[in-house]
Amino acid sequence: MAMTLGELAAKIGARLRGDASLPVTGVATLAAASDGQVSFLANSKYHDALRQTRASAVILSEADAANWQGNALISANPYLAFAKASSCFAPEDDAEPGIHPLAVVHPTASIHATASIGAGCVIGADAVIGASARIGANCSIERGASVGEGTRLYPNVVLCRDVVIGARCILHPGVVIGADGFGQARDGEGWFKVPQLGSVRIGDDVEIGANTTVDRGALDDTIIENGVKLDNQIQVAHNVRIGAHTAIAGCTAIAGSARIGRRCMIGGAVGIVGHLEIADDVTVLAMTLVSHSIHKAGVYSGSHPIEEVGQWRRNSARLRQLDELARKVRRLEQRLRALEGDKDND
Amino acid sequence: MAMTLGELAAKIGARLRGDASLPVTGVATLAAASDGQVSFLANSKYHDALRQTRASAVILSEADAANWQGNALISANPYLAFAKASSCFAPEDDAEPGIHPLAVVHPTASIHATASIGAGCVIGADAVIGASARIGANCSIERGASVGEGTRLYPNVVLCRDVVIGARCILHPGVVIGADGFGQARDGEGWFKVPQLGSVRIGDDVEIGANTTVDRGALDDTIIENGVKLDNQIQVAHNVRIGAHTAIAGCTAIAGSARIGRRCMIGGAVGIVGHLEIADDVTVLAMTLVSHSIHKAGVYSGSHPIEEVGQWRRNSARLRQLDELARKVRRLEQRLRALEGDKDND
Amino acid sequence: MAMTLGELAAKIGARLRGDASLPVTGVATLAAASDGQVSFLANSKYHDALRQTRASAVILSEADAANWQGNALISANPYLAFAKASSCFAPEDDAEPGIHPLAVVHPTASIHATASIGAGCVIGADAVIGASARIGANCSIERGASVGEGTRLYPNVVLCRDVVIGARCILHPGVVIGADGFGQARDGEGWFKVPQLGSVRIGDDVEIGANTTVDRGALDDTIIENGVKLDNQIQVAHNVRIGAHTAIAGCTAIAGSARIGRRCMIGGAVGIVGHLEIADDVTVLAMTLVSHSIHKAGVYSGSHPIEEVGQWRRNSARLRQLDELARKVRRLEQRLRALEGDKDND
């Protein structure tokens, strides 16, 4: 995977300042880089690391390049340029086309000749696996599910019946797509299960992190649009719709029928209440409960501050009395106004 | 699965107003329904959708039926009646009785002749699989575990040794029942593992969502009573007891030895501290930390409000000073009282 | 597994007061113990249970032993002594050395002769499984991953390529180690995947709970040091480092590049923001968001109080106006000072 710095610059669309013929063998952080490796500076606060790096070249912005004497790959978006450089050195995938003899494929399933089906996979009736798709070991794909061209399932993924996964998606281990949504109708003191007759439709270029779950719809489908990126252990309930290119960090829980806009960035461990709407280009910071619709792009937060436990206890006790405190302040204002009036009348 | 509207009314226990001979072919939302489909109105705020629906019949309450000219299936509980209608149109299960040739079943395990064991399943010594149970692909069932009559395990479920699952339960993909509880005893600067010698006992008619985990008890068993409904990615720690017919939404975390009452409704992403009790018929709203026992039925909440980030920062800074603010107000009251006294004495 | 009380005392390092020849057959809680069983008292508030227990012997502290007439196993750390007693009665593991005929092992993988590989396991090229390691059913171990001596993987665990698991670790069902970290670089309105070229290195004596996920690093490795204990459904993002002997309760989410010290205790459902540091010996209570570095050992919290819903609504509304309330109080102070000045000037 060795190439010259000039070749790398061309591949990642950066402007080279320095030795084009230098051989480069990999990427590393500024602190860890050694001879032959390329690093990057995407945040100016790491200037100290830049000064001390032993990297053979650094990807950075025009402005930061002024503070760096070595070989530079100058880019308007150094993090993106670095991501591209990094992908030049990513390990080759070793999955070979074909169905492993210890996979179980239903005779009516359609497996493209260029697809790779790992050992221990079980693929049901009428399932469709597209060209160049790679299905890792021990995946279970129920009847009627389909996987688009170039999509990769890592081991132990479950696709339930009839779900549709687009092209070039990545599903990490333990992902479950299309389990029943949580629909229960009160029936006396118990519950009657509401059959979940919808499905899940996932667009192209979607990435889904390990052990994330996306439930099938009750009647309509749960929909994840193109380019959405979901981190690990996210829960997407039935009939949610997530707009294109939205990115959601780990452990976020999205309740039923919530509609999330395009290009949103949702922090980790966020909760999103059901049946609400979030506009395009909304950012929600970590551990916030989105309890009502957000109609305007912007940044929102709702986490509780962390404190030393004694201070936290005192403040929490006051928080439980906050309404009373506000009433007290109002009464104080009234009494003060009265006194001030008296004063004026003196 | 086609039937007449009259037949459907009888099946779901609704009163028919309209054409009993009309053929119906499925269910759908008010917005999506087309000719031949039945829809429902469970929440009067969707009246607009009712006016515009193309459904052939609608399940609704007596009161709402007054605003609807078409075929009506009138019910005191339209959502329950709809759930029953929906189940008339749910796809047939295609699991066939018998053990798949690529399942691995220990010779001492007992598999009922009417049970279905999927490909890739591994079933340990002395395990018992009841009549009509269906075990999906790639499930791992350790020695001594038992699965009741009519219970369904979706793919990639794990049952650890000796756990007991009742009748007619549904376990969605990735569920893990009976992993060791988190018991660690301090031993110098490290930890000594406390063996988890209890088990898990799950009643009848319990549904457990994808990737939910229920740990085995330390000494006594973890217990989930009849009719409990758990959504996805819930964590139930060792020695928890969940009362009958309680429903818990996704991503809730329940710490060790908590006891939750019957018919409770616990919102999503709730945290429940260990060794506490929650009474029957308690509702807890989303993302609340239940930090102490709740002895009285009612609705409880404790989520932090969401705000635009600037306003949130200002309010959070004040929250950290809340105790000080309350003291200030008390001092103000004292000073004001002094002034008022002076006034009276003037 | 029967032994005498004297033998048990010796095994757990407790001082025996009573009948050394008494046969003991197991352990149980004070409430559940019956003849022949040993129980323990680690928390003095359970004295009532002590009075009523039918246990044949009780493990307790010197102080508590004064209130107990029966056979006593006296220990400075009764919970630890009980854990050791409990381990004397834990069921034997039944895994036999060797590779199950329905496991799939790549010819270049190295499996120690004393290791046990369960049915349905898929083990990739160049993977290494150490002596006495036990790999449960349906685990997927990708190429190059290694498992140390005596480590146990329960069923359906996934180890991604090249991850390193130390000796005597326990990985519960559904654990995923080494899935790609969540690295996405903005590229127009979409995202470009940042290849995750680092790995995961897990030390010795680490326990990881069911469905917990630990992501591989972007460039450097994600590191979990010796003796760390992770509960279920924890998310550890890329490039996190967790110090030795730290214990973390269930459903905690740790964002990228966070560094957590040694011997910390992190409560359940905690969120830890990325790129921060937590000192050694820090305790964080449940459902707290650690939003900035913690430089000093101590106990920290940040959960919102739970209240009856009406009171919660009133207090929440005030919380949104807290900054305004604080400003009001400041104005009151100014006005009051002015009045007091007037008074003095009268």
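This is a predicted model: local features need pLDDT of at least 70, side-chain atom pairs count only at pLDDT 80 or more; totals for chains, interfaces and linings use all residues.
Next comes the place where chains C and B meet. Here 66 residues of chain C are in contact with 63 residues of chain B. Four elements of chain C each supply at least two residues of the side that touches chain B: α4 (78-88), β40 (307-308), α5 (309-319) and α6 (322-345). The largest share of that side comes from α6(C), with 10 residues. Sorted by class, the side of chain C that touches chain B has 32 nonpolar, 21 polar and 13 charged residues.

One of these elements, β40(C), also pairs with a strand of the other chain. Two bridges join β40(C) to strand β39 of chain B, residues 298-301, and the two strands run antiparallel. In this pairing, S301(B) has E307(C) of β40(C) as its bridge partner.

Strand pairing can also be followed inside chain C. Strand β22 (residues 184-187) of chain C is joined by four bridges to strand β23 (residues 190-193) of chain C, and these strands run antiparallel. Within the pair, Q184(C) stands opposite K193(C) in β23(C). β22(C) and β23(C) form a hairpin, with two residues between them. In the turn, G188(C) has a positive phi of about 70 degrees.

Definitions and conventions
Residues are numbered from 1 along each chain as its sequence is written. Chains are lettered from A and ligands numbered from 1 in the order in which they are written. Two strands pair if DSSP finds at least two bridges between them. Two residues are in contact if their C-beta atoms, placed from the backbone, lie within 7 Å. Ala, Val, Leu, Ile, Met, Phe, Trp, Tyr, Cys and Pro count as nonpolar, Asp, Glu, Lys and Arg as charged, and the others, Gly among them, as polar.
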